[in-house]
Amino acid sequence: MFSGLSAFPLTPLDDDTVDEHAFAGLIERLVDAGVDSVTALGSTGSGAYLSRSERALVARRAVLTAGTTPVFVGISALRTTHVLEHAEDAQDAGARGLMLAPVSYQPLTPDDVYRLFETVAGQSDVPVIVYDNPTTTRFSFDDDLYAAVGALPGIASLKIPGVPVGAEAARARIDRLRALLPAHVTIGVSGDAHAAAGLTAGCDAWYSVIAGTLPASAVALARAGFSGDTEEARRLSSELQPVWDAFSQHGSLRVIAAVAEHLGLVHPRSLPLPILGLDEAARAPLHAALADLGLGGPDTGTER
């Protein structure tokens with residue numbers, strides 16, 4: 001269950017309220033495209049900006065709409081008590097897994113993070129995905145912590161923030177992680193620009209931002225990568241380079257929201273305030289790049 005392509009949809013807002021109808025439409029789009037799982041309320045899903053009741057609503061809607069497609073739910077929060085509350089709500093909604101990043105206002109120590117995962121995994125009835133996202137959390141796992149947390153009962157997968165440049169270096173890194181982790185703990189690449197390299201280096205999963213809005217493009221890349229077609233995976237990733245460049249310049253959340261808004265999948269100004277999203281000057285080259293790639297438009301909301 002914790003392998004293949006996991007799509008991370010936006011949690012769109014309309015007038016600063018969760019747009020449940022648009023969110024359900026995004027989930028339906030992912031299921032129709034054939035993603036292997038859906039991860040709601042991750043960084044792309046703006047989980048940190050939503051109240052407990054809003055997050056519970058999103059979790060229920062994701063599970064209800066996804067049908068037989070497994071749904072994982074992000075439960076990160078500043079306090080362990082709140083993490084456990086979100087874990088309870090996600091499990092009540094029917095989540096098949098929980099995703100946890102160590103977020104905090106104060107810098108965290110490795111001991112803080114280990115105890116967090118020990119507590120959550122020990123009190124949860126479904127498996128936990130370890131989310132290493134140093135750009136957002138300002139906390140980086142080292143290999144000793146990967147090994148310690150990965151050995152905890154209930155840990156199912158490790159979401160890494162990318163792989164080294166170069167095929168040999170990437171494979172060596174994945175081999176190193178496999179030697180540290182129990183055999184049942186899968187390794188999933190994130191940072192979509194690294195997906196082709198990570199999958200061809202042997203990652204079990206791709207935890208993907210772009211799959212949440214452009215699932216057909218992500219499914220094609222994932223199939224090439226998982227089948228070992230390195231050349232095709234790299235070609236498909238190269239076609240999406242304008243999107244990766246925009247991610248690097250503006251951040252993936254703002255960019256993918258602009259894409260979803262352009263395609264008419266969500267209402268304008270779909271992000272939680274105070275995040276304003278991309279201005280028109282930044283959107284113009286993105287829209288042009290999408291048109292060049294044949295990735296649909298506001299009249300269709302589809303990928304061609």
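I started at Ser76, which I found in the loop between strand 5 (71-74) and helix 3 (80-93). Helices here are DSSP runs of H or I with at least four residues, strands are runs of E with at least two, and both are numbered from the N terminus. The model is predicted, so I note that local features need pLDDT of at least 70, side-chain atom pairs count only at pLDDT 80 or more, and totals for chains, interfaces and linings use all residues. Residues are numbered from 1 along each chain as its sequence is written, and side-chain values use heavy atoms, with hydrogens and water left out.

**Entry: Ser76**

Is Ser76 buried or exposed? I read a relative accessible area of 16%, so Ser76 is buried. The cut-offs are under 20% relative accessible area for buried, over 50% for exposed, and partly exposed in between, with a 1.4 Å probe and protein chains only. I then listed contacts, meaning heavy atoms within 4.5 Å. Beyond its neighbours within four places in sequence, Ser76 meets Arg55, Val83, His86, Met99, Leu100, Ala101 and Val103. I also checked Ala48: it is 28 residues from Ser76 in sequence, and the C-alpha atoms are 7.1 Å apart.

I moved to Leu41, in the loop between strand 4 and helix 2. Leu41 has a relative accessible area of 5% and is therefore buried. Leaving out residues up to four places away in sequence, I found Leu41 touching Thr11, Gly47, Leu50, Arg55, Val58, Ala59, Val73 and Gly74. Arg254 is 213 residues from Leu41 in sequence, and the C-alpha to C-alpha distance is 15 Å.

Thr44 sits in the loop between strand 4 (37-40) and helix 2 (52-66). I get 4% relative accessible area for Thr44, so this residue is buried too. Which residues does Thr44 contact, once neighbours within four places are set aside? I listed Phe8, Pro9, Leu10, Thr11, Val209, Leu253 and Ile256.

**Entry: the cores**

I looked up nonpolar cores next. A core is a set of buried Ala, Val, Leu, Ile, Met, Phe, Trp, Tyr and Cys residues joined through side-chain atoms within 4.5 Å. The largest holds 95 residues, and Phe117, Ile160, Trp206 and Ile210 have the most contacts inside it. Helix 12 (residues 252-262) gives the most to this core, with 7 residues. Another core lies apart from it, with 10 residues, among them Phe8, Met99, Ile129 and Tyr207. Nonpolar side chains tend to be buried together in soluble globular proteins.

I followed Ile210 further. Not counting residues up to four places away, Ile210 touches Asp192, Pro215, Ala218, Leu240, Val243, Trp244 and Ile256.

**Entry: helix 12**

How many of the 11 residues of helix 12 are buried? I count 9, so the helix is mostly covered. The buried ones are Leu253, Val255, Ile256, Ala257, Ala258, Val259, Ala260, Glu261 and His262. The cover over them includes helix 11 (241-250) and helix 13 (280-292). Just after helix 12, I noted that Gly264 takes a positive phi of about 75°.

**Entry: backbone angles**

Most residues other than glycine have a negative phi, and most peptide bonds are trans. I searched for departures from this.

Arg269 is not a glycine, yet its phi is positive, about 55°. I placed Arg269 in the loop between helix 12 and helix 13. Its relative accessibility is 67%, so Arg269 counts as exposed.

Pro274 has its place in the loop between helix 12 and helix 13. The peptide bond from Leu273 to Pro274 is cis, with omega near 20°.

Asp15 has a phi near 55°, again positive in a residue other than glycine. I found Asp15 in the loop between strand 2 (13-14) and strand 3 (17-18). At 72% relative accessibility, Asp15 counts as exposed.

**Entry: the whole chain**

The chain has 13 helices and 10 strands. Of its 304 residues, 54% are buried. The C-alpha atoms fill a box of roughly 50 × 45 × 35 Å along the principal axes. Among contacts with a separation of 6 or more, 70% join residues 24 or more positions apart.

I counted 21 positive and 36 negative side chains, and the centres of the two sets lie 1 Å apart. Lys and Arg count as positive, Asp and Glu as negative, while His and the chain ends are not counted. Each charge is placed at NZ of Lys, CZ of Arg, CG of Asp or CD of Glu.
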